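Student: Hi, I have a structure open and would like to talk it through with you. Could we take it piece by piece?

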Amino acid sequence: MTDKTDTAPGAQQFIPPDADSLDALRAAAADCRGCELHGPASQTVFGRGDAHARLVFVGEQPGDMEDQKGLPFVGPAGRLLRKAVDDAGLDPAHIYLTNAVKHFRFELRGKRRIHQTPDRVHIVACRPWLVAEFAQLHPEIVVVLGATAAKALLGPTFRVTRSRGELMPWPASAQHPEDFTRVPVDADGKRAAAPPARLLATIHPSAVLRADDQDKAYEGLVADLTVVARALK
Ligand code: SF4
């Protein structure tokens with residue numbers, strides 16, 4: 001079980017200043033002690049996928065299966081997301097998947113590990129990893145999956161339910177939007193004449209699995225992702 005704390009040293013000190021690839025960041029993140037969550041969890045679960053992806057998904061945190069395998073989105077919610085990606089007509093080979101918080105937060109009930117939503121302290125502590133990933137990525141669209149990811153990228157006042165399915169520039173409420181809205185660079189490393197990344201917020205696939213009407217919730221997720229697929233054509 002995790003203790004409740006209000007402060008954490010944060011991940012920044014664990015990020016090598018000279019890290020110039022996602023692989024280098026992934027290796028360094030394995031030793032992160034930026035907050036209490038590294039203690040009970042099995043391992044850091046860093047992002048994975050195409051380093052040149054036009055589309056990046058940001059979820060909440062790894063689940064039980066992700067924690068065991070060390071890979072994001074490999075549990076039931078991840079399987080559902082992959083199906084939704086297919087059904088929306090997106091190319092799964094050209095996406096990057098990551099989470100706002102890189103360790104599994106859970107409560108032990110008997111032998112079962114029950115998911116616990118990360119607190120603000122964990123989101124803030126882990127944010128430097130997300131910023132570092134985005135410094136290596138140059139997506140055109142970022143899909144924010146659920147409230148925790150929205151808080152990490154867009155600030156505490158952003159409401160997914162109010163804005164879901166809408167392709168938009170980064171809102172004024174976002175803290176330091178420049179951390180995430182990088183202008184793409186060309187092959188010479190110069191700024192390309194392309195617009196900065198836009199975002200689309202939608203529900204987390206685990207919310208579909210928890211919904212009373214799963215078919216309807218799934219259709220909503222696919223409809224939101226179809227907006228993204230059209231924009232990337
Ligand atoms: S959750 Fe993030 S900040 Fe906390 S220990 Fe894990 S990687 Fe570090």
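Student: Okay, where does Gly-34 lie?

Tutor: Gly-34 lies in the loop between α1 (22–29) and β1. Helices (H or I, at least four residues) and strands (E, at least two) are DSSP runs, numbered from the N terminus. Before we go on: this is a predicted model, where local features need pLDDT of at least 70 and side-chain atom pairs count only at pLDDT 80 or more, while totals for chains, interfaces and linings use all residues. Residues are numbered from 1 along each chain as its sequence is written, and side-chain values use heavy atoms, with hydrogens and water left out.

Student: Good to know. Is Gly-34 buried or exposed?

Tutor: Gly-34 counts as buried because its relative accessibility is 3%. Buried means under 20% relative accessible area, exposed means over 50%, and partly exposed is in between (1.4 Å probe, protein chains only).

Student: And what separates the C-alpha atoms of Gly-34 and Asp-86?

Tutor: They are separated by 35 Å, with the two residues 52 apart along the chain.

Student: Switching to the sheet: what is the strand order?

Tutor: It is an open sheet of five strands in the order β1-β3-β2-β6-β7, with mixed pairing. The edges are β1 (48–49) and β7 (198–202); each has a single partner strand, so one side of each is left without a neighbour in the sheet. Two strands pair if DSSP finds at least two bridges between them.

Student: How many bridges join β2 to β3?

Tutor: Five bridges join β2 (residues 55–59) to β3 (residues 95–99), and the two run parallel. As an example, Val-56 has Tyr-96 as its bridge partner in β3.

Student: What about β2 and β6, how many bridges there?

Tutor: Four bridges, and β2 and β6 (residues 141–145) run parallel. Here Val-58 has Val-144 as its bridge partner in β6.

Student: Which way do the residues of β2 point?

Tutor: Leu-55, Phe-57 and Gly-59 point one way, Val-56 and Val-58 point the other way, and all are buried. In a regular strand the side chains alternate between the two faces of the sheet.

Student: Which sense do β4 and β5 pair in, parallel or antiparallel?

Tutor: Antiparallel, over four bridges. Arg-109 has Arg-112 as its bridge partner in β5. The hairpin of β4 and β5 has two residues between the strands, and Gly-110 takes a positive phi near 65 degrees there.

Student: Now charges. How many salt bridges does the structure hold?

Tutor: Ten, where a salt bridge is a side-chain nitrogen of Lys or Arg within 4 Å of a carboxyl oxygen of Asp or Glu. One of them joins the side chains of Glu-140 and Arg-54 (2.7 Å, N to O). Glu-140 is in the loop between α4 (120–136) and β6 and Arg-54 is in the loop between β1 and β2, so this pair ties together parts that are 86 residues apart in sequence.

Student: Which residue does Arg-127 meet in a salt bridge?

Tutor: Asp-179, with 2.9 Å from N to O. This pair links distant parts of the chain: Arg-127 is in helix α4 and Asp-179 is in the loop between α6 (160–163) and β7, 52 residues apart. Arg-127 counts as buried, at 16% relative accessibility.

Student: Which residues are linked in a network of salt bridges?

Tutor: Asp-64, Asp-67 and Arg-113.

Student: Last topic, the surface. Which residues form the negative patch?

Tutor: Asp-212, Asp-213, Asp-215 and Glu-219 form it. Patches are made of residues with over 30% relative accessible area and no salt bridge; like charges are joined within 9 Å, and nonpolar side chains (Val, Leu, Ile, Met, Phe, Trp, Tyr) within 5 Å. Accessible areas come from the Shrake-Rupley method with a 1.4 Å probe, and for residues only the protein chains shown count as cover. Lys and Arg count as positive and Asp and Glu as negative, while His and the chain ends are not counted. The place of a charge is NZ of Lys, CZ of Arg, CG of Asp or CD of Glu.

Student: Where does Asp-215 lie?

Tutor: In helix α8 (residues 214–232), and Asp-215 counts as exposed because its relative accessibility is 59%.

Student: And which residues form the positive patch?

Tutor: Arg-120, Lys-151, Arg-159 and Arg-162. Arg-159 lies in the loop between α5 (146–154) and α6.
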